[in-house]
Amino acid sequence: MTANARDTDHPNEKLYTIGTVSKLTGVGAITLRAWERRYGLVEPIRKESGHRLFTRAHIDQINRITALIGSGMRVSQIHPEMLRDETADGSEEHDREWREYRSGMMAAIIAFDENRLEEIYHRVLSLYPIGLVTNRLLTPLLVELGDRWEQGKDGVAEEHFFAFYLRNKLGARFHHRGRPDNGPLLLIASLPGEYHEIGLLLFALAAHDSGYRILPLGANMPLDAVTSAARKSDCDAIVLCGAIEPARATLTQDLPALVEKTRVPVLVGGLSSVDSCDEIGRAGAEVLGKDIDHGLKRLREILG
């Protein structure tokens, strides 16, 4: 799209005035004009009168620019290639497609636009399996939102907004899954102090697709309760998930006690397993890491 594009070139697309875009993005009209003239970042459509008009893709671009600035980049460091389509084919084109999905969803999250988020989410899932969507879209988004959380500003609200949305979507998908009669039974729970269930749900769905039966216990699960549930359910393995650093007592007392009292493998995945790898090993548990595919491969090796 170039600055010479006209509104007549987009007959079936909703167009927005610069004032409306300023309200939607929080970026002032003067700044938008500067991004166009000085840096060539946003190239609006021009009416015959010369007034600027913007598409939804422009709004996604603008929100992406604010996200990059919020991450610490200067506007002069942002290049148009970061924001617009690339004319490549093969795997490079495939990568571009995923970048577009991520950029669009991040823009929707920043704008707290659930309708736009829903539109992109369902489009991607109609085209690709959940495992690929997790690796190429959801996990990178969660990582970026975590970075924005640490930087303050609106990152906390954005992360909560997307986490609530995604938890509902993944929970519904998990609830309506088919339930196999055979396959190893995994008892899956979040570590004590871990209140987010996104990682747990993503792993549970991927494990289910790999043929495992799943018994989920949810977030912030005391490990002594896990011991009792493992005994009653006769599970084949225990998988604990977390994205935060576990408490010292969890690593030095509760986890070793769980390993000792259960006769099945105990495995820990997520960022917690990366941050506390040595302590988990000393407790007698196995480390799965934060990559789901790698974790499932390791799980298969352990269970034979």
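Helices (H or I, at least four residues) and strands (E, at least two) are DSSP runs, numbered from the N terminus.

A word on the source: this is a predicted model, in which local features need pLDDT of at least 70, side-chain atom pairs count only at pLDDT 80 or more, and totals for chains, interfaces and linings use all residues. Residues are numbered from 1 along each chain as its sequence is written, and side-chain values use heavy atoms, with hydrogens and water left out.

**Strand 6 and its sheet**

In a regular strand the side chains alternate between the two faces of the sheet. Strand 6 is covered on both: Ala-237, Val-239 and Cys-241 are buried on one side, and Ile-238 and Leu-240 are buried on the other.

Which order do the strands of the five-stranded open sheet follow? The order is 5-4-6-7-8, with parallel pairing. Strand 5 (213-218) and strand 8 (286-289) stand at the edges with a single partner strand each, so one side of each has no neighbour in the sheet. On average, neighbouring strands of this sheet are turned by 25 degrees against each other, direction ignored. Such angles run from 0 to 180 degrees between N-to-C directions, with axes fitted as lines to C-alpha atoms, for helices over the stretch in contact.

Two strands count as paired if DSSP finds at least two bridges between them. Some pairings are set out here.

| Strands | Sense | Bridges |
|---|---|---|
| Strand 4 (residues 185-190) and strand 6 | parallel | five bridges |
| Strand 6 and strand 7 (residues 266-269) | parallel | four bridges |
| Strand 1 and strand 3 (residues 52-54) | antiparallel | two bridges |

Within these pairs, Ile-188 has Val-239 of strand 6 as its bridge partner. Ile-238 stands opposite Val-266 in strand 7, and Leu-240 has Val-268 of strand 7 as its bridge partner. From strand 6 the chain passes through helix 10 (residues 248-261) to strand 7, a β-α-β crossover that is right-handed: with the strands pointing away from the viewer, the path from the first strand over the helix to the second runs clockwise.

Helix 8 (residues 198-209) lies across strands 4, 5, 6 and 8, running at about 170 degrees to strand 4; contact means heavy atoms within 4.5 Å.

Another open sheet has three strands in the order 1-3-2, with antiparallel pairing. Its edge strands, strand 1 (16-17) and strand 2 (45-46), each pair on one side only. Thr-17 has Leu-53 of strand 3 as its bridge partner.

**The whole chain**

The chain holds 13 helices and eight strands. Of its 304 residues, 41% are buried. Among contacts between residues at least 6 apart in sequence, 69% join residues at least 24 apart.

Definitions and conventions. Buried means under 20% relative accessible area, exposed over 50%, partly exposed in between (1.4 Å probe, protein chains only).
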